[in-house]
Amino acid sequence: MEQRVPHNQYDLTFKRLFQFKEVFLNFIRSNINREWVNKIDTESLEFVDRSFIKDEFVEKEADVIYRARLEDTDIYFYVLIEPQSTADRSMPRRLFEYMSLIWKRHMEEKADELFPPIVPIVLYNGKSSWNMPTQIFKGFDIFKDDMFNYVLVDVNRLDDEKLKSRLDILSIILYLEKSRRNAEEFIGKLREVSGYVSKLPQAQVKVFCSWLLRIVRPQVREEMRSRIDELLEKIEAEGVEDVGEFIFNVQQLIQEYYREAEEKGKEKGYEEGIQEGIQRKEEEIVRRLIQKGFDDNFIAEATGVEIERIKKIREEFVL
């Protein structure tokens with residue numbers, strides 16, 4: 001990060017003044033024309049020492065950080081005291097860098113929370129007037145409703161018929177992804193899409209076949225995995241000549257694995273089989289609760305399943 005000229009006594013005076021809570025509170029009430037300002041819990045207003053940001057924060061800047069509570073939310077005020085005589089065009093970048101450091105430190109303390117709001121303020125006393133926009137992000141008016149939200153694409157909630165109707169490689173893979181934990185359903189879908197896959201450009205066929213082998217690899221016998229690794233290398237180098245035959249062979253591998261697993265299951269003792277059945281049922285319930293968005297602690301209380309086992313199921317579920 002660029003090192004800036006050390007702040008002068010003028011800047012230090014403002015920093016010392018802002019350490020008085022009543023001074024800072026009057027400052028933001030006078031300069032931020034928002035209804036929520038008057039709803040801040042004044043008792044929670046707290047001057048934040050620079051050590052909060054650790055050594056990452058640039059000591060050359062003259063700045064002030066305050067934290068407060070607004071309803072049930074932490075809110076930060078970051079004031080940059082700008083000593084330059086003219087407007088600095090790098091200001092949006094500088095502010096965003098400092099805001100990122102505040103978010104990082106806050107999340108280290110409260111990892112389970114969303115990012116808290118930060119109100120950046122520039123206190124400027126230069127000779128020329130500030131002739132720059134105060135927006136940090138370009139095109140904010142267009143993207144303001146999207147910028148601080150993320151778009152969720154939940155594969156398990158995508159509509160099968162819509163995916164099939166698109167017939168592009170991503171839609172085909174997502175269509176299959178929805179059933180990757182159900183061998184019979186996965187094989188059935190694989191048969192459905194084989195004709196579509198064969199019509200894709202060769203570069204996309206390679207991607208699809210490589211993905212398919214990587215899905216199958218953990219499910220086959222150990223001695224077959226080296227053969228799959230060889231196939232992956234060959235596909236990357238040469239592509240796939242007959243897509244239909246390739247998919248048929250993959251189906252056979254999956255069916256063979258599940259036949260063997262079924263036979264082994266029959267050989268196990270009655271009590272062991274019952275216990276496995278209970279565990280499978282528990283895991284299915286846990287998966288459903290995870291899919292519904294419940295956290296691990298709630299699931300543990302609701303099902304009696306140990307939290308470590310729930311975490312492991314969650315890890316496997318999102319793979």
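Throughout this description, a residue counts as buried when its relative accessible area is under 20%, as exposed when that area is over 50%, and as partly exposed in between, with a 1.4 Å probe and protein chains only. The structure is a predicted model, in which local features need a pLDDT of at least 70 and side-chain atom pairs count only at pLDDT 80 or more, while totals for chains, interfaces and linings use all residues. Residues are numbered from 1 along each chain as its sequence is written, and side-chain values use heavy atoms, with hydrogens and water left out.

The secondary structure of the chain comes to 13 helices and four strands, where helices (H or I, at least four residues) and strands (E, at least two) are DSSP runs numbered from the N terminus. Of the 319 residues in the chain, 35% are buried. When contact is taken to mean heavy atoms within 4.5 Å, 59% of the contacts between residues at least 6 apart in sequence join residues that are at least 24 apart.

Ser44 belongs to strand 1, which covers residues 41-48, and is buried, with a relative accessible area of 18%. Not counting residues up to four places away in sequence, Ser44 touches Arg67, Ala68 and Arg69. A polar atom of the Ser44 side chain lies 2.6 Å from the backbone oxygen of Asp41, and a polar atom of that side chain lies 2.8 Å from the backbone nitrogen of Arg69. Arg67 is located in strand 2, residues 63-70, and counts as buried because its relative accessibility is 16%. The side chain of Arg67 is joined to that of Tyr76 by a polar contact of 3.0 Å; such a contact is a pair of N or O atoms within 3.5 Å, of which, within protein, one must be able to donate a hydrogen and the other to accept it, and residues adjacent in sequence count only if both atoms are side-chain atoms. In the loop between strand 2 and strand 3 (73-82) lies Glu71, which has a positive phi of about 60° although it is not a glycine. Glu71 is exposed, with a relative accessible area of 68%.

Helix 6 (residues 169-177) takes part in two of the helix pairings described here, with helix 8 and with helix 7. The axes of helix 6 and helix 8 (residues 202-216) come within 11 Å and cross at roughly 15°, axes being lines fitted to C-alpha atoms, for helices over the stretch in contact, with angles that run from 0 to 180 degrees between N-to-C directions. Helix 6 and helix 8 are therefore roughly parallel to each other, given that angles under 35 degrees count as roughly parallel, over 145 as roughly antiparallel, 65 to 115 as roughly perpendicular and the rest as oblique. The contact is made by Ile169, Ile172, Ile173, Leu176 and Glu177 of helix 6 together with Gln204, Val207, Phe208, Trp211 and Ile215 of helix 8.

With helix 7 (residues 183-198), the axis of helix 6 comes within 10 Å and crosses at roughly 170°, which makes helix 6 roughly antiparallel to helix 7. Here the contact involves Ile172, Tyr175 and Leu176 of helix 6, and Phe186, Lys189, Leu190, Glu192, Val193, Tyr196 and Val197 of helix 7. Ile187 is 65 residues from Gln252 in sequence, whereas their C-alpha atoms are 9.2 Å apart in space. Gln252 has its place in helix 10 (residues 243-267) and is partly exposed, with a relative accessible area of 34%.

In helix 12 (residues 296-303), Asp296, Ile299 and Ala300 are buried. These residues lie on the same side of helix 12, because they cover an arc of only 100° around the axis, the arc being that of the directions from the helix axis to the C-beta atoms. Glu301 and Ala302, on the other side of helix 12, are exposed. At the start of helix 12, a side-chain oxygen of Asp295 reaches to within 3.3 Å of the backbone nitrogen of Asn297, and the helix is followed by Gly304, whose phi is positive, near 80°.
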